[in-house]
Amino acid sequence: MEFKFNVNKLLPRKINKVTHTLIPEDFKGDRRELNECQRQLSRILDDMGEASARAQGLNKPITSALKLRDTDHIVYLLMDNEANNGLGSVIGLLKTGSKNLFMFDETGAHYQLKPRCILDFYIHESRQRMGLGNILYQHMLSEENIRPVKLAIDRPSEKFLAFLSKHYALTKIIPQNNKFVVFQGFFDDEHQDVRTNRYSLPPKNSIDIGASNAIHNNIAKSNSSLNGVSYSSTISRTSFGRYAAARPPCSMANIIHNTTVLGSSAERTGSPLGHLIF
């Protein structure tokens, strides 16, 4: 992507790292030059972010100068220093950042992690299939000293998944109940969140007939009346996962409806894990 100003002067390296300060790594100048530098860099981030969003079919950009502020996100910009009559052009963008995520491994064990994530990845259409994406990705891995399998990918496209399969042999996806994708090996050396372990998904095929009958019996017992208050709809279904937390009783609601507050019958909210998005 070409710009009217001298991109090489602003971003002299082949791959330049930009943080929330919006100051290039090699910047040297006074306050006036700094303001102009940040204005130009903001223009690059905004235009490249919009181009990435269009390429991925998104309604709005993931990357912009405004979204970079007050975060630990890092944007890596890949340059072609000889393009645009020597002014240079920006041909690639890769954004990383940390996110607080609730995740499940292959067995359904629950984790609360803050992994490093790939948030945006784009190579200009005119420069694709030239190995430039791998050059940019390898640079990021080296800079952040991280293995590919330990990254969580935010809403990867089919092209991105094919890229990860080809260059890093990442093929075995562990489905999550959010828009992030992780691969087998991601949870290696991670510690399970034991504080919320009681809400973990059960391992596959772990609920046998006896356990199922016990669940139905417990539900049937809860349908009995206590102090004249009917509990036939207190527990409508069994929930697992991070949406199974009990909802505390509402005192005002109980006053209005003239019902007795019983802490043990707090209504469970949410539903079992439905469609897994990946």
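**Notes on the central strand and the cores**

1. The model is a predicted one, and the points below should be read accordingly.

2. On one side of the pairing scheme, β6 joins β3 in the antiparallel sense over 7 bridges. Within this pairing, Y122 of β6 is the bridge partner of L93.

3. β6 also pairs with β7 (residues 152–154), here in the parallel sense and over 2 bridges. C117 stands opposite A152 of β7. Between β6 and β7 the chain passes through α4, and this β-α-β crossover is right-handed.

4. The largest nonpolar core comprises 26 residues, and I118, F121, Y137, I153 and L164 have the most contacts inside it. At least two residues of this core come from each of β2 (74–80), β3 (89–98), β6 (116–123), α4 (132–144), α5 (158–168) and β9 (180–183). A second, separate core has 22 residues, including L11, V18, I44 and Y122.

5. Which residues does Y137 contact, leaving aside neighbours within four places in sequence? They are L94, I118, F121, L151, I153, F160, F163, L164 and Y168.

6. For the chain overall, 7 helices and 9 strands are assigned, and 41% of the 278 residues count as buried. Of the contacts with a separation of 6 or more, 65% link residues 24 or more positions apart. The accessible surface is about 16400 Å², with 50% belonging to carbon and sulfur atoms.

Note on methods
Residues are numbered from 1 along each chain as its sequence is written. This is a predicted model: local features need pLDDT of at least 70, side-chain atom pairs count only at pLDDT 80 or more; totals for chains, interfaces and linings use all residues. Side-chain values use heavy atoms; hydrogens and water are left out. A nonpolar core is a set of buried Ala, Val, Leu, Ile, Met, Phe, Trp, Tyr and Cys residues joined through side-chain atoms within 4.5 Å. Buried means under 20% relative accessible area, exposed over 50%, partly exposed in between (1.4 Å probe, protein chains only). Helices (H or I, at least four residues) and strands (E, at least two) are DSSP runs, numbered from the N terminus. Contact means heavy atoms within 4.5 Å. Accessible areas come from the Shrake-Rupley method with a 1.4 Å probe; for residues, only the protein chains shown count as cover. Two strands pair if DSSP finds at least two bridges between them. A crossover is right-handed if, with the strands pointing away from the viewer, the path from the first strand over the helix to the second runs clockwise.
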